[in-house]
Number of protein chains: 2
Amino acid sequence: MAGMKTVGLIGLGIMGRPMAGHLLRAGYGLTVFNRTAGRTAEIEAAGARVAASPAEVAAVADVILIVVTDSADVEQVVEGPRGLLSGIRSGSVVIDLSTISPATERRLDGLLRERGACLLDAPVSGGDVGARNATLAIMVGGDPRALEGVRPILECLGKSITHCGDVGSGQLTKLCNQILVGVTLLGVSEALLFAKRSGLDPEVMIRAVEPGAAGSWQLSNLGPRILKGDFAPGFMVDLMQKDLRLIQETAAASGAPLPATALVRQLFLAAQAHGEGRLGTQILGRVVERLAGPDGR
Amino acid sequence: MAGMKTVGLIGLGIMGRPMAGHLLRAGYGLTVFNRTAGRTAEIEAAGARVAASPAEVAAVADVILIVVTDSADVEQVVEGPRGLLSGIRSGSVVIDLSTISPATERRLDGLLRERGACLLDAPVSGGDVGARNATLAIMVGGDPRALEGVRPILECLGKSITHCGDVGSGQLTKLCNQILVGVTLLGVSEALLFAKRSGLDPEVMIRAVEPGAAGSWQLSNLGPRILKGDFAPGFMVDLMQKDLRLIQETAAASGAPLPATALVRQLFLAAQAHGEGRLGTQILGRVVERLAGPDGR
């Protein structure tokens, strides 16, 4: 294992935990930190070192992965008390796999560069299933040479790794991903409601149209879950709502009106108003059905 | 060729013409009719008989395909002067491949049944390319035994033939198809606008997200055409608008509110208002870009 980079991982939630497993199995020396201490036991038993702070991770790792939830969480990890900045070594690469504001990534990259380190923003698509099976799509912004240096590490986590441009471009691409995911899912929800109210068998409808121009990942994967009433998260409404807020802030700043995306956001607000924020995004199918009320035919 | 059915085909437009070719190559005896007489010469040279009216087609064919544009056109073919009804033989099967109102199909089926014939509504998805390559998805409503009798004929035209339910179910399934196509394309249009205004390379964005949960036929096939400014029809805005009108009429009658589909319809109206009704549906990408106006960055 001579010459293999030492890896740090901060955040052992639903996404971070399976990633830690993949890195250990690939033979990387791994140091982890999690805000809630209880979650580290299993990873420690599998061979990881547990650090007491992000600064402690930064002191030993060449490459540091961050897998947390929101911009404020990443800021806390990087520039909070005992954050990465207070321990980072020159030449280290920080890879933020969280989905957060592109502007925040650019600011944090600036702070890291003052210490001779740098940041790649690398949000992922594919959910918990993709994290477990290492089939994530990873969208990377930042220095392309830094990406080439850490590519073998990212290849332990995902099947498609695309360089999208400067720091922040990964996040911007992820926001495009969320526009597509949200609006396509709304189309699926409306088609299923239309099918049911028209007396069609909606499963037969999906089978009939999915091989053609109507086909999408959302239709084939979430359509059947909507029909079964299976609303367990894949990807939670509360997190989608966070991404939709980022999209609208970014789009407002760049002058891009997005009417369907705005509608999707309103309908996810309706799900949250019904206490469904911790369910999967496919709850949109139920939101649309509620618009219609009981079927009086 | 003993025992092979004699086939009639009414409508030699962009969809009907290649279908006639496939049927002749498969060895079927074919009689055609087209409202505009000039279009028949090529098909006649290839071995088809040309009839002077739909009634004349009905008098010689066991199976009659209709491939025209709108409900009124199909009504004209079936119950107009010298229409199918005045020549139809008992036991004949009429297959309407046009996309028209489900209620009209049910009414025409009733009229045909009074003569011992019946109707299958069998709208298709896949556009002119699908018609030329015989890769259409065909969504069929009506008597399942009648479908089994004509399945070899439909297999000359498409790669997926799905029985969706009673007469009218093919049309209802096609309308679901159009909800999905329209709303997904609007998502693609908004994602591309967002990408451009954010300074991303939109082609790289498509490549980064299409393998994941954001993937769709519309993204992979129409996204690159929008970026190239290639607005040649695949499927024309004017025809899509016709389908969206049918969707909203049917949904209003069954009590299904479809907010995103309604939005799509308004934006296609904007394309028509700009004189773009005869361009392909991917013009929606330009409509959304016009919402944003010139890029002032």
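**Group meeting: salt bridges, a strand and some cysteines**

Hi everyone, let's start with one arginine: A:R49 is partly exposed, at 42% relative accessibility. For the cut-offs, buried means under 20% relative accessible area, exposed over 50%, and partly exposed in between, with a 1.4 Å probe and protein chains only. Please keep in mind that this is a predicted model, where local features need pLDDT of at least 70 and side-chain atom pairs count only at pLDDT 80 or more, while totals for chains, interfaces and linings use all residues. Residues are numbered from 1 along each chain as its sequence is written, chains are lettered from A and ligands numbered from 1 in the order in which they are written, and side-chain values use heavy atoms, leaving out hydrogens and water.

Back to our arginine. What does A:R49 meet in a salt bridge? Its partner is A:E56, at 3.7 Å from N to O. A salt bridge here is a side-chain nitrogen of Lys or Arg within 4 Å of a carboxyl oxygen of Asp or Glu. A:E56 is partly exposed too, with a relative accessible area of 26%.

Over all chains, the structure holds 32 salt bridges. Let me show you another one in chain A: the side chains of A:D73 and A:R35 meet at 3.5 Å, N to O. This pair links distant parts of the chain, 38 residues apart, with A:D73 in helix α4 (residues 71-79) and A:R35 in the loop between β2 (29-33) and α2 (41-45). Helices (H or I, at least four residues) and strands (E, at least two) are DSSP runs, numbered from the N terminus.

Now over to chain B. There, B:E289 forms a salt bridge with B:K196, and the closest N and O atoms are 2.8 Å apart. B:E289 lies in helix α13 (residues 284-292) of chain B and B:K196 in helix α8 (residues 169-197) of chain B, so the pair ties together parts that are 93 residues apart in sequence. In chain A, meanwhile, salt bridges that share partners join A:R49, A:E56 and A:R82 into one network.

Next, a strand. Is β8 of chain A mostly covered or open? It is mostly covered: 6 of its 6 residues, 136-141, are buried. A:L136, A:I138 and A:V140 are buried on one side, and A:A137, A:M139 and A:G141 on the other.

What about its neighbours? Strand β7 (residues 124-125) of chain A pairs with β8(A) in the antiparallel sense over 2 bridges; pairing requires at least two bridges found by DSSP. A:S125 has A:A137 as its bridge partner in β8(A). With strand β9 (residues 158-165) of chain A, β8(A) runs parallel, joined by 6 bridges, and A:V140 has its bridge partner in A:H163. The chain gets from β8(A) to β9(A) through helix α7 (residues 144-155) of chain A, in a right-handed β-α-β crossover. Right-handed means that, with the strands pointing away from the viewer, the path from the first strand over the helix to the second runs clockwise.

Last, the cysteines. How many disulfides are there over all chains? The count is 0, taking a disulfide as a pair of cysteine sulfur atoms within 2.5 Å. A:C156 is buried, with a relative accessible area of 17%. A:C164 is in no disulfide either, the nearest cysteine sulfur being that of A:C176, 9.1 Å away. A:C164 is also buried, at 10%.
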